[in-house]
Structure formats: structure tokens, C-alpha cells
Amino acid sequence: MSKPPRQLKLGAFFSTPGNHLAGWRHPDAVPEVDMDFREYVRLAQTAERGCFDMIFFQDTVAVAGSRAMARGQRNLARLNRIVKLEPTALITALSTVTTHIGLVATATATFNEPYNIARRFLSMDHISGGRIGWNLVTSQIEDEGGNFGFDDHVDHALRYERAIEFYEVVAGLWDSWEDDAFLHDKATGIYYDTDKLHFLRHKGRFFDVRGPLNVSRSPQGRPVVAQAGSSETGRELAARTADVVFTAQTELADARDFYADVKGRTARYGRSPDAVKIMPGITPVIGRTQSEAREKYDFLQSMLPDDLALEALTRLSGGLDLRQFPLDGPLPDLPPTNSAKARQQLLIDLARRENLTLRQVARHASAANGHRVLVGTAEWIADEMQEWLVKDAADGFNIICNYYPGPFDDFTNLVVPELQRRGIFRTRYEGKTLRDSLGLEVPRNRYAR
Amino acid sequence: MKPQLHFGAFLYTPGTHSAGWRHPDAEPRTDMHFPYYVEMTRTAERGKLDTIFLQDTAAIGGSGGLDGGSPYRPSQGRQVHLEPVSLIAALAAVTSHIGLISTATTTYNEPYNIARRFATIDHISGGRAGWNLVTSQVEDEAGNFGLDRHVDHAKRYARAIEFYDVVAGLWDSWEADAFLRDKASGIWFDFDKMHFLHHRGEHFSVRGPLNVSRTPQGRPVVAQAGSSDIGRDLAARSADLVFTAQVTVAEGRSFSTDLRDRAERYGRGRDDIKILPGLMPIVGRTDAEARERFEQLQGLIDDSLAMRALARLTGELDITQFPIDGPLPPLPPSNAAKARQQLIVELARKENLTIRQVARYLGTAQGHRVLHGSAKTIADSMEEWLIAGACDGFNLLFPWFPGPLNDFVDLVVPELQRRGIFRTEYEGRTLRENLGVPVPVNRYVT
């Protein structure tokens with residue numbers, strides 16, 4: 001009997017009001033999707049109908065661009081990722097109007113305390129019946145430091161060290177209680193089995209945490225952990241600790257290299273390569289024909305002013321003021337950036353490879369935000385996704401839309417059925433937890449004998 | 001119209017009574033099982049209560065002692081609970097009118113994060129969120145945040161005051177009509193309606209703006225519970241709702257008058273603050289039945305557990321060294337709950353209580369007033385307090401869940417409604433409307 005073909009994992013990355021800097025200006029776009037809870041309910045329920053493994057939210061603990069705005073840059077009033085519903089509160093609320101879909105939110109290790117994050121995500125996991133994931137990041141945007149007492153941003157290496165220790169504390173706290181610790185014995189007055197409660201007693205460089213956590217063990221063992229760093233340190237941390245790795249990959253060869261590299265590192269940590277699911281982002285622009293799809297893309301680009309695109313690129317330019325360079329000249333040499341190292345490198349490589357002008361790089365960056373843009377028919381998009389799956393370039397994809405809800409509805413209504421028809425995507429959920437959907441084992445409690 | 005009562009339902013699962021969870025009908029899983037919270041909140045909403053209220057501690061009670069070698073006392077019910085800010089976010093989506101107030105400490109949080117989360121929940125709920133501002137009182141928490149000992153009382157309050165200022169300032173970051181989202185011009189927001197906080201203080205340096213827009217009720221309701229002098233002052237300046245522990249009408253009147261006088265000095269109206277003392281109602285069909293229910297609960301109390309609760313209020317003094325059936329000795333100042341300590345000292349003196357009796361008293365309702373009786377008896381007392389100006393209503397404590405909450409909603413609420421001193425329908429869709437407290441003006445709008 002032949003094995004069923006490998007199955008794709010799908011995440012719905014709700015980057016509201018849209019990944020494309022000007023997407024929200026589309027006639028069909030609903031820009032209020034940034035702050036309107038009912039719009040998120042609709043999107044989450046659409047994703048669940050489409051059997052997505054999870055929905056996902058990025059996060060920034062600041063108004064993006066606020067540092068520049070504070071210096072008087074009024075033209076940034078055209079940026080649109082300004083306000084949002086805080087993602088952990090949002091996904092907790094969304095867990096009450098969904099039943100099977102996973103819910104993953106970002107929370108930074110840079111401006112939080114591990115005891116608080118451990119409590120919050122584990123509680124969310126209980127509320128949702130075991131469907132929660134935590135995307136562990138270090139804060140990468142210059143604006144955030146100013147809201148937490150830092151005039152300049154915390155340096156890259158130090159941020160990662162803190163994040164690694166942060167993870168250790170959180171994972172340790174999630175094991176505070178064994179699965180069957182609570183007896184609730186009314187007759188004897190014994191609420192819990194004292195042998196099944198464990199103190200962490202962590203003493204490290206950044207944190208000193210006694211524990212135990214005042215939340216019982218998760219319905220799925222512990223929340224799923226996702227990560228997105230692509231640097232050397234990032235890959236090593238992911239191989240050791242992540243269940244899901246989000247990444248930005250635009251070329252098949254690079255994606256295969258990344259996939260093999262991260263999976264290859266897992267053995268060092270006693271983990272199976274299957275224990276990590278690698279999911280690059282893709283932004284679909286879907287048309288009934290290839291040319292209709294291209295028209296849709298060009299229309300979006302036509303709404304994007306060059307100077308706004310340049311502003312967005314400035315965030316990756318390592319502090320260099322790009323306005324002093326000719327728009328139709330080459331991409332100037334960029335100094336190293338303290339924020340998104342990998343994202344910057346991708347752009348530099350792309351510019352070099354395709355001989356792009358500064359204008360073109362800026363416009364491309366605003367359209368894609370680092371991820372691969374797929375412009376075509378539903379069949380062609382499914383072809384591309386299937387190719388990456390079978391060639392070990394991805395275990396699945398994070399779907400990011402240029403505006404909402406149209407393109408996301410299109411993907412769910414047109415591309416998902418095509419994937420299902422090919423037998424590479426589920427038609428119903430396997431189980432009730434996020435680990436069930438992702439095909440991940442329930443981790444054992446480190447203290448259980 | 002007659003003055004109206006306001007109620008909070010304090011969901012201190014599995015029960016405020018130290019032995020409540022052992023009641024035959026109690027559901028101990030009300031601590032961690034979300035569907036119970038949905039059911040209880042909807043019951044409270046059915047009963048038209050103003051709000052639910054959730055306490056919080058970022059530690060397991062007693063963990064510091066356990067780590068230091070104290071014996072385990074596994075009969076304490078409140079060990080684990082759902083992190084309450086996440087919980088109210090979830091409850092926001094499954095309720096429509098009831099307020100959702102959660103505690104979040106100023107001692108172990110950053111103001112930007114707190115401002116975001118509560119503003120977000122205010123949006124999700126349509127204007128029903130509230131933040132109970134506290135300083136952490138429990139020694140155990142320090143050990144989870146890198147400190148050997150708990151931050152002392154005065155320093156905690158200094159941080160809390162600045163914390164509040166930052167949060168309130170961040171909640172004004174955006175004027176109500178700042179967001180244009182104008183497709184034609186490509187302008188997302190009106191730059192002049194965005195405001196940077198630029199706060200630089202002893203504890204915090206916060207530029208802002210907040211990345212959440214102005215909330216449906218202007219900003220979340222702020223509740224507080226400190227009764228010390230510095231606590232009252234902070235409440236008078238910044239709270240919409242004050243939780244307190246007062247056991248007699250006279251004490252209630254004295255506290256209310258003092259707080260409202262202070263509020264006026266801060267330029268606020270006397271009615272801008274609602275004051276809710278704690279009250280544990282134990283309802284029976286008759287007074288006798290209610291007394292029986294009370295005695296049944298007291299019979300379940302574990303004295304050694306009650307003594308531990310008392311020990312938390314006795315500062316450096318080891319209360320276990322004194323004869324348990326002897327009088328309460330003089331107590332040194334406590335770094336924990338100053339006002340609560342004062343309350344029990346006075347009560348012990350007035351009623352000649354032994355240490356055992358004081359401990360049991362604490363183990364019943366944590367120092368709050370207990371009232372057992374028929375619906376009529378309870379309603380009589382509530383009406384008396386209301387008319388005497390001793391309070392605006394009560395924060396209702398329950399010995400276990402869910403039964404006593406159901407009893408209150410099914411038996412006492414209709415009696416109060418019949419007397420015309422409690423609503424039959426919610427006044428509005430926001431917590432401010434239902435509490436009858438003003439919508440704050442944005443400080444940047446002239």
C-alpha cells in the first residue's frame with residue numbers, strides 16, 4: 001500500500017491591514033481590519049473553514065516609524081501599520097469563536113519577563129483547548145526601545161543571549177506541574193500531590209526565577225514554539241527549541257539550503273528533523289489567468305508612491321538616509337543593520353542578482369516585505385507550493401495577503417481546494433490541538449519519572 | 001430615582017473561603033477550566049451585575065516558604081488559575097454587557113505592555129474593560145522576577161503612581177477621530193491627532209505613542225484597592241472604582257467620605273468614584289438555613305492553613321509561637337497589606353478574638369464582611385449601607401463556585417430589583433455607562 005503524499009502545513013499570517021504598503025487603498029480592501037475585532041473573527045473562521053493549521057500574528061511594541069515621526073517626519077502619516085489589537089489578547093478572544101485552528105502570536109523576549117510570558121501563553125493554551133503557539137522573537141525595530149527606557153536599541157548579540165535564556169525559563173516553568181497533579185480530594189482536603197509540583201530555581205545571566213508557575217500543565221503538553229530568526233544564532237536556537245520555523249525565502253535553491261541546514265542541526269539536540277516544521281511566507285496574487293493576476297499586481301504597485309517605498313526601505317538601510325541617492329541609480333552599499341540582518345541581506349542579494357535600481361528595490365521591498373510574491377492562477381500557485389514541498393524546500397507556507405479580506409478569501413476558496421484535490425492538504429482536522437494538526441509529539445514533562 | 005446599587009462578582013476561584021472547595025457541591029476545576037468561567041460570567045450578566053472582577057498573583061501562594069523548607073500544605077485551594085488579563089480577553093468575546101475587570105500589578109510589569117493589553121480588550125469588548133491597579137503584596141512574587149526580597153511598600157507605591165501616569169498618558173495617544181484611512185489620498189492618520197507621551201521619570205522612560213487607538217469608552221475603567229493613606233490618595237486622583245474592606249456602616253461612611261473629599265481636592269466630582277466594599281453573602285431560603293450553610297463551611301476549615309494566611313499579615317513576628325487559643329499579640333508593621341492588618345487588629349480587640357478565631361475569620365472571607373441570611377436579610381443590609389452613604393454597592397465574594405453565585409443572582413437580585421434599588425436592565429453597553437462614571441476627556445484636546 002503506497003504512503004499518502006507528504007502533507008502541506010498552512011499558516012494564515014494576518015498582517016493587517018495588508019502586507020503591501022498600499023494594499024489597503026484597493027477599492028475592495030477593508031482598512032479597519034487593523035482594529036475591528038469582528039473582521040478578525042471573520043478571517044479566523046474563514047481560515048478554519050479552509051482547514052489551515054494556524055493563524056499567526058506578528059508584533060511590534062511601538063507604532064512603526066514612531067521614532068522618525070517624533071523627529072517630525074509627517075509624511076509617515078501614510079504608513080498603515082500604526083495601531084493594532086495586541087495579538088495575545090486577540091488570539092485568546094479568537095479562540096472562543098473557533099474550535100480547531102491553531103492560534104500563534106508573537107511576544108518579544110526583549111521587553112517582557114519570562115514568568116509573565118510563561119503564564120500568559122500557558123493560560124491561553126488552556127482557554128483554547130491546546131491550540132496556542134508562541135512566536136519567540138527579539139525586538140528588531142528601532143522604535144520599540146523608546147517605550148521601555150532604552151534610547152538606543154539593545155545590540156543584536158545581547159538580544160539573542162537574553163532570548164535563549166528567556167526560552168529556557170519559559171520551557172522550564174511550563175513543566176512546573178505534572179499532568180495529574182491535581183487531586184481535588186474533598187474528604188482529605190488534599191488539593192494536589194506535592195510530589196508533582198516542581199520548582200525551577202533558575203539562576204542565569206539575565207534571569208533569576210524560582211517558580212513554580214501558577215498554571216497547570218497544558219492540554220497539549222506545552223504550547224507550540226515558533227521562531228523566525230535566520231542568522232547563525234537564530235538557526236541554532238530554532239534547531240534546538242522550535243516546533244515551527246517561519247522564514248523569508250524567495251528562491252528555491254536558497255530555501256532548500258535553509259531547510260537542509262536547520263533540519264540537519266536538530267540531531268545535535270536529540271531531535272528528529274520531522275519535529276521542526278519549516279514554513280516560508282508567500283504572498284499570493286491570484287487571477288483567473290496569468291495576465292489577470294499580473295494586472296492585479298500592477299494595480300497595487302500603481303498606488304504606491306516612490307517616496308513612501310523609500311521610507312519603508314530606510315528601516316533596513318542601517319541608518320543610511322536613502323533620499324540622498326538617485327532613485328534610478330544602483331542600490332548603495334548599506335551599512336550593517338542592528339535590526340533585521342537577514343532581511344537586509346536578502347534585498348542586497350536580490351538587487352545585485354537582478355541589477356535593480358534603488359527605486360526598484362524600494363518598490364519590491366514594499367510589495368513583499370521580504371517574502372516571495374506569487375502572481376498567477378490558483379493552479380500555478382499550487383504548482384509552486386507543491387514543488388517546494390516535494391523538493392524539501394518547505395514543510396508548508398505562511399500565507400500573507402496584500403490587503404484583506406479579498407485575497408485571503410480567494411486563496412481559501414481557490415488555492416486550498418486545488419491543494420486538497422492533489423491530496424497534499426487535509427480536508428478535515430486530524431485532532432483538536434495544534435500539535436495534532438502539525439503532527440508533533442506531546443513533549444514529556446522533564447520531571448516526570 | 002432611588003440610589004442604585006452596583007456590584008462586582010469577584011471570581012476568586014475555586015472560592016474565597018479557604019475550605020470552600022471542599023463543599024460537596026463545589027467545583028474545584030473552576031480555577032482552570034475555561035467553560036466554567038464562561039458560565040459564571042454569563043450568570044453574573046444574567047443577574048445584571050456591573051462587572052466581574054479577577055485578582056492576580058504572579059506566584060504560587062506560599063512558594064517562598066516552600067522553597068525555604070516549610071512543609072507543604074496541599075489543602076490550600078488557590079494554587080493555579082488562568083492568567084486573568086488573557087481570561088477577560090476571552091470573556092469579552094462571549095459576553096455583551098457585563099464589565100470585565102482584571103488585576104495587573106505595577107510592580108512586575110511594564111506600563112506600555114499593560115496600556116496595550118487593556119486598551120485592546122476595551123476594543124474587543126466594546127468598552128467594558130477595567131484595570132485593577134495594584135502593587136504586588138505577596139513576598140512569593142519577588143522570587144519569580146529576580147529579586148531576593150519583596151520591594152518595600154513606599155517604593156512600590158512610588159512606582160505604581162508613576163506607572164499609572166504613564167498608562168493614562170498612553171491611553172490618550174490618539175484622539176478619537178485620528179484615523180482617516182483615506183484611500184484616495186493615501187493618508188492613514190491625522191498627524192496632529194497623534195500625541196507622544198515623552199515621559200521621563202524616576203522609574204520609566206516612555207516615548208509613546210501607544211499602538212492602540214482610543215478606546216470605545218474613552219479609556220478603560222481604573223479600579224484600585226489600597227486603603228493606606230498613600231493608597232487612598234492615589235485612588236482619589238485616578239480611580240473610577242475603589243474596592244475596599246469595611247465591616248461596619250460607620251467605617252464605610254467614614255471611608256467613603258474621606259475618599260470623596262480627597263477626590264474633590266483633585267478636581268473630581270464626588271460621584272465620579274464608585275466605592276464597593278467586599279461582602280461574602282451566604283444565602284438561604286431562611287435565616288436559619290443560611291446560618292447552617294455558614295456553619296457547614298466553618299466546619300471544613302483547616303486551622304493550620306488558616307494560621308498561614310494570618311502569618312502573612314504579622315510581619316516579622318512568628319504567630320505560631322503563641323498559644324492558638326490565646327489573644328492576638330501586638331503586631332509589628334507589615335510590608336504586605338497594611339490596611340488589612342489594621343482591620344484584623346481592631347476586630348480582634350473589639351470582639352476579644354483568640355488567634356484561632358482571627359485565623360478562621362481570615363480563612364472565611366480574607367478579612368471582608370460575611371453576611372449570612374435570607375434574601376430579605378441580605379437585601380435589608382445592602383439597602384441600609386446604600387442609604388447611609390456607606391458605599392455605592394459591593395464586591396461580592398463567594399465561598400465556592402458556582403452555587404453561591406447562582407444563589408445570589410436567583411434569590412437576592414430579584415429582591416433588590418423589587419425594591420427599586422438595582423437595575424432590571426443595563427443602562428448601556430460600556431462599563432462606564434453602567435457604573436455611572438464619566439468618560440475622561442483626552443488631555444491633548446483643548
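**Packing, pairing and contact in a predicted two-chain model**

Visitor: What share of the contacts in chain A with a separation of 6 or more comes from residues 24 or more positions apart?

Guide: In this predicted model, residues 24 or more positions apart supply 76% of those contacts in chain A.

Visitor: Why is the radius of gyration of chain A said to agree with that of a compact globule?

Guide: For 449 residues, the globule rule gives a radius near 22 Å, and chain A has 22 Å, so the two agree. Along the principal axes, the C-alpha atoms of chain A fill a box of roughly 80 × 60 × 45 Å. Chain A holds 14 helices and 13 strands, and 56% of its 449 residues are buried.

Visitor: Why is helix α3 (residues 87-95) of chain A called largely enclosed?

Guide: A residue counts as buried when 20 or more other C-beta atoms lie within 10 Å of its own. By that test 9 of the 9 residues of α3(A) are buried, so the helix is largely enclosed by the rest of the structure. The buried residues are P87(A), T88(A), A89(A), L90(A), I91(A), T92(A), A93(A), L94(A) and S95(A).

Visitor: Which elements do the buried residues of α3(A) pack against?

Guide: Within chain A they pack against α1 (37-49), β2 (54-57), β3 (102-108) and α4 (114-128), and within chain B against α3 and α4.

Visitor: What makes up the contact between the two chains?

Guide: Chain A contributes 60 residues and chain B 58. On the side of chain B that touches chain A, the elements giving two or more residues are α2 (63-67), α3 (84-93), α4 (111-125), β6 (187-189) and β8 (205-206) of chain B. The largest share, 7 residues, comes from α4(B). By type, this side of chain B divides into 30 nonpolar, 18 polar and 10 charged residues.

Visitor: What makes strand β3 (residues 99-105) of chain B and β4(B) a pair?

Guide: Pairing requires at least two bridges; these strands share 6, in the parallel sense.

Visitor: Which residues have the most contacts inside the largest nonpolar core?

Guide: This core has 271 residues, and I55(A), A9(B) and I88(B) have the most contacts inside it. Leaving aside residues up to four places away in sequence, I88(B) touches L54(B), L100(B), S102(B), I121(B) and A129(B). A second, separate core of 6 residues includes W177(A), A181(A), Y191(A) and Y192(A).

Visitor: What scores does the model receive?

Guide: Its ipTM is 0.95 and its pTM 0.95. Chain B averages a pLDDT of 93, on a scale from 0 to 100, and 98% of its residues score at least 70.

Key. Residues numbered from 1 in each chain as written. Chains lettered and ligands numbered in written order. Predicted model: local features only at pLDDT ≥ 70, side-chain atom pairs only at ≥ 80, totals over all residues. pLDDT = per-residue confidence, 0-100. Core = buried A, V, L, I, M, F, W, Y, C linked by C-beta atoms within 7 Å. Buried ≥ 20, exposed ≤ 12 C-beta atoms within 10 Å, placed from the backbone. Contact = placed C-beta atoms within 7 Å. Helix = DSSP H or I, 4+ residues; strand = E, 2+ residues; numbered from the N terminus. Nonpolar A, V, L, I, M, F, W, Y, C, P; charged D, E, K, R; others polar. Rg over C-alpha atoms; globule rule 2.2 N^0.38 Å.
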